[in-house]
Amino acid sequence: MRTSYDVARLLVSLPRIVVKQRQAGRPKLVVRKPAARRHPDSWVDLEQCGASRPYVKTFEFESPYIGGYHSKIANATTRSDVKFGVDLGLDGFLAHAEALKVYELAYFGDGDFLELGTYRGLSTSIIARALHDRQRGALYTCDISPRFSLVARIALRFLPGRDRVRFHVGDAAGFLDRMIGERRRFGFVFVDHWHGYDATHAVGMRLSSLLLPGGFAMFHDYNDTSARDPAHPDKVFQAVRDTVGRSSSFQFCCVTASSAVFQFQPAAALPTERTTSYHELSVR
Ligand SMILES: C[S@@+](CC[C@H](N)C(=O)[O-])C[C@H]1O[C@@H](n2cnc3c(N)ncnc32)[C@H](O)[C@@H]1O
C-alpha cells in the first residue's frame, strides 16, 4: 500500500522527466568567466562580528547583475516574518546580499556543487536556478531532516534547475566522508547546516579534500553577533578561523552580510582528480 510519503515522492519526481525532455535539443551555453577579485576591506575580526557588510562582486562582470534572476534577487521584497530575509517565495534565512552571492558563485563556479543544510529549499532553489541558467552541473544537497528534505523537494518541483538537484538525507560529516571516499571534487560548497563549533569544524577540516582548485566555500552565519556571545552555541567564525583560516591553501575572498567566502588555492596543482559526473546518488 502506498503511504502519503510515497505519493509525495512520486509527485516530486515527475517534473524532472518533463524538464529533461524540454532541455533536449537546446543549444549549449558557454559561460565566460570574468576575473575574480578579493575584498580584504570586508574582513571582520571577532569583536566586529555582526557588522554590516554589503554585497560585493567576486567576479568582475560588467553589468550590475549577471542576468534576469540575479536582478530579481536584488529587487525582491523583504519577508514580513524574517526581518532581513529575501522573499523569493520559499522559506529560509538568506539576506538579499547572501542570495546574490550564492547565485554568483554558483553561476561562475566550476563543476558540481555541494550544499549542507537544505532546509525548505531557498538556497537550494537559487543554486538550482544558477545551474539551469548556465546549463551545466549538479547540486548535491544534504539535510539531516527527512521532513525538510521532502519539503524542499516539493517546493522545488516546478522550479528551473530542479532536475539538477540530488537530495541526500543524513548528517553532513558522514555525507562529506562519503563524497571524499568517492574522490569527488566540487567548485562550490555552501555551508549552512548546524552552526555549532564542532559541526562547522568538521566541515572545515574536510574542505581541502572536497574542493576543486579555485573552488569556493561560503559559510553562512560567520559574521554574526552569536560568535561574540560565549553563551551562544553558534560558533561558525571560530570554527572557520581554526580550519580554513589556518590553511595556506585558502584565501579570504569577502564577507557579505552574515556569510564569509574563501577560495581553495593549493600551492601545487593537484594530481588529476575525477570531478563529479552528472549522475545520481543511490540515496535519492
Ligand atoms: C539554517 S537551515 C538551512 C537554510 C537553507 N540553507 C536556506 O538558506 O534556505 C539549517 C538546516 O540544517 C539542517 N541540519 C542541522 N544539523 C545538520 C547536520 N548535522 N547535518 C546536515 N544537516 C543538518 C537542519 O535540519 C536545517 O534544515
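Colleague: Where is Leu-90 found?

Modeller: Leu-90 is found in the loop between helix H2 (68-75) and H3. Helices here are DSSP runs of H or I with at least four residues, strands are E runs of at least two, and both are numbered from the N terminus. Before we go on, residues are numbered from 1 along each chain as its sequence is written. This is also a predicted model, where local features need pLDDT of at least 70, side-chain atom pairs count only at pLDDT 80 or more, and totals for chains, interfaces and linings use all residues.

Colleague: Why is Leu-90 called buried?

Modeller: A residue is buried if 20 or more other C-beta atoms lie within 10 Å of its own, exposed if 12 or fewer, and partly exposed in between, with C-beta atoms placed from the backbone. Leu-90 has 20 other C-beta atoms within 10 Å, so it is buried.

Colleague: Which residues is Leu-90 in contact with, leaving aside its neighbours within four places in sequence?

Modeller: They are Arg-120, Gly-121, Leu-122, Ser-125 and Ala-155. Two residues are in contact if their C-beta atoms, placed from the backbone, lie within 7 Å. Also, the C-alpha atoms of Leu-90 and Ala-152 are separated by 9.0 Å, although these residues are 62 apart along the chain.

Colleague: What is the phi of Gln-135 near?

Modeller: Phi of Gln-135 is near 65°, a positive value in a residue other than glycine. Most residues other than glycine have a negative phi. Asp-221 has a positive phi of about 65° as well, although it is not a glycine. Gln-135 is found in the loop between H4 and strand E2 (139-143), while Asp-221 is in the loop between strand E5 (211-219) and helix H8 (236-241).

Colleague: Why does Asp-221 count as buried?

Modeller: Asp-221 has 22 C-beta neighbours inside 10 Å, so it counts as buried. Gln-135 has 15 such neighbours inside 10 Å, so Gln-135 counts as partly exposed.

Colleague: How do you know that H3 and H4 come within 8 Å?

Modeller: Axes are lines fitted to C-alpha atoms, for helices over the stretch in contact, and angles run from 0 to 180 degrees between N-to-C directions. For helix H3 (residues 96-108) and helix H4 (residues 122-134), the axes come within 8 Å and cross at roughly 35°. On the H3 side, the contact is made by Ala-99, Val-102, Tyr-103, Ala-106 and Tyr-107. On the H4 side, the residues include Ser-123, Ile-126, Ile-127 and Ala-130.

Colleague: Which residues touch the most other members of the largest nonpolar core?

Modeller: Ala-106, Ile-127 and Ala-217 do, in a core of 72 residues. A nonpolar core is a set of buried Ala, Val, Leu, Ile, Met, Phe, Trp, Tyr and Cys residues joined through C-beta atoms within 7 Å. H3 gives the largest share of this core, nine residues.

Colleague: What is the mean pLDDT of the chain?

Modeller: The mean is 89, and 85% of the residues reach 70 or more. pLDDT is the predictor's confidence in each residue, from 0 to 100. Over residues 14-19, pLDDT stays under 50, and over residues 269-284 the pLDDT is below 50.
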